[in-house]
Amino acid sequence: MALDPHGQPQVETYNRTRCLERDVTELLGIAKGMLADGIVSEPEAIYLRKWIEQHPEASDRFPIRHIRERLERIFANGKVDEVERMDLFELLTSFTGGDAGVVSGEDASCDLPCDQPPPKLKWSDSLFVFTGKFAFGAREQCEREVLTRGARCGNNITKQTNYVIVGTFASRDWIQTSFGRKIEKAVEYRDSGCPLAIVAEYHWVESLKS
């Protein structure tokens, strides 16, 4: 049987990926349902924590890991106060893409993995990778903007990538409507210590003005 770069059977890797996609799809549906009335109640927060506990393999993978870690902090004292519920509401809004796509009728992309606070972008010889669908224009147009400022563009994320720019809207490039394989790889590289920043489109656009 063919092995992946980690020496594991490729069929197992494929199955794990499919299970993660299924779990993220389910969690997206749960989160959207919780956000529908504009609040996240304590029983909903408890349900969300139990759901993640029941999906241990997914709980250590992006983006579910970020939600699990936040819930662990929220429940550290055994209860959920109003401020924590508002914090969880904002986190789930980021996870589902919020209402950024309402005007255009498209799904908004997830800004959960983006660096906070966003970094000051450096142009000269920096390597940019764009992923998703952009309100600014076609990807080629976005790439021209950084090329004219002395930066470079790549199609794939590597350890040499400096910035991953996440488009406002989701596209077929994403595993789900709100996160994708490029984002997952970027998060893995960043978490391993690579000097890589994940930046939302709106911050990139603001940086073009400076």
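Modeller: The model shown here is predicted. Buried residues make up 43% of the 210 residues in its protein chain. The chain exposes about 11500 Å², and carbon and sulfur atoms supply 51% of that area.

Biologist: How many helices and strands does the protein chain have, and what pattern do they follow?

Modeller: The protein chain has 8 helices and 4 strands. Read along the sequence, they follow the pattern α-α-α-α-α-β-α-β-β-α-β-α. Among contacts between residues at least 6 apart in sequence, 74% join residues at least 24 apart.

Biologist: Why is the pair Arg22 and Asp23 called a salt bridge?

Modeller: The rule asks for a side-chain nitrogen of Lys or Arg within 4 Å of a carboxyl oxygen of Asp or Glu. For Arg22 and Asp23 the distance from N to O is 3.4 Å. The value is within the 4 Å of the rule, so the pair counts as a salt bridge. A search of the whole structure finds 10 salt bridges.

Biologist: Why is Asp23 called buried?

Modeller: Buried means under 20% relative accessible area. Asp23 has 6% relative accessibility, and therefore it counts as buried.

Biologist: What makes Glu69 and Arg65 a salt bridge, and where do the two residues lie?

Modeller: Their side chains meet at 3.7 Å, N to O, and the limit is 4 Å, so the pair meets the rule. Glu69 and Arg65 both lie in helix α4 (residues 64-74), 4 residues apart, which is about one turn of the helix.

Biologist: What can be said of the side chains of Glu72 and Arg68?

Modeller: The side chains of Glu72 and Arg68 meet in a salt bridge of 2.8 Å, N to O. These residues, too, lie in helix α4, 4 residues apart, about one turn of the helix. Glu72 counts as partly exposed because its relative accessibility is 46%, whereas Arg68 counts as buried because its value is 18%. Glu72 and Arg68 are also linked with Asp60 in a network of salt bridges.

Biologist: Where is Glu84, and why is it called buried?

Modeller: Glu84 is in helix α5. Its relative accessibility is 18%, and the cut-off is under 20%, so Glu84 counts as buried. Leaving aside neighbours within four places in sequence, Glu84 is in contact with Ile74 and Lys79. Glu84 and Val40 are 44 residues apart in sequence and 9.6 Å apart in space, C-alpha to C-alpha.

Biologist: What lines the second largest pocket?

Modeller: The second largest pocket holds about 260 Å³ of space. Of its 15 lining residues, the closest to the centre are Arg70, Leu91, Ser94, Leu112 and Gln116. Helices α4 and α5 (82-96) each supply at least two residues of the lining. By class, the lining has 5 nonpolar, 3 polar and 7 charged residues.

Biologist: What makes the peptide bond from Gln116 to Pro117 a cis bond?

Modeller: Its omega is near 0 degrees, and the bond is cis. Pro117 is found in the loop between α5 and β1 (127-131). Most peptide bonds are trans.

Biologist: What is noted about the phi of Asp125?

Modeller: Asp125 has a positive phi of about 65 degrees although it is not a glycine. Most residues other than glycine have a negative phi. Asp125 is found in the loop between α5 and β1, and its relative accessible area of 48% is why it is called partly exposed.

Biologist: How many cavities of 30 Å³ or more are there, and which residues line the largest cavity?

Modeller: The count comes to 1 cavity of 30 Å³ or more. The largest cavity holds about 40 Å³ of space. Cys114, Asp115, Gln116, Pro118, Val199, Ala200, Tyr202 and His203 line the largest cavity. The elements that give two or more residues to this lining are β4 (197-200) and α8 (201-208). The lining divides into 5 nonpolar, 2 polar and 1 charged.

How values were computed
Residues are numbered from 1 along each chain as its sequence is written. This is a predicted model: local features need pLDDT of at least 70, side-chain atom pairs count only at pLDDT 80 or more; totals for chains, interfaces and linings use all residues. Side-chain values use heavy atoms; hydrogens and water are left out. Buried means under 20% relative accessible area, exposed over 50%, partly exposed in between (1.4 Å probe, protein chains only). Contact means heavy atoms within 4.5 Å. Accessible areas come from the Shrake-Rupley method with a 1.4 Å probe; for residues, only the protein chains shown count as cover. On a 1 Å grid over the protein atoms alone, a cavity is a set of points where a 1.4 Å probe fits but cannot get out, and a pocket is an open set with protein on both sides within 12 Å along at least five of seven lines; lining residues have an atom within 4 Å of a point. Grid points are joined across faces, edges and corners, and a volume is the space filled by probe spheres set on the points. Ala, Val, Leu, Ile, Met, Phe, Trp, Tyr, Cys and Pro count as nonpolar, Asp, Glu, Lys and Arg as charged, and the others, Gly among them, as polar.
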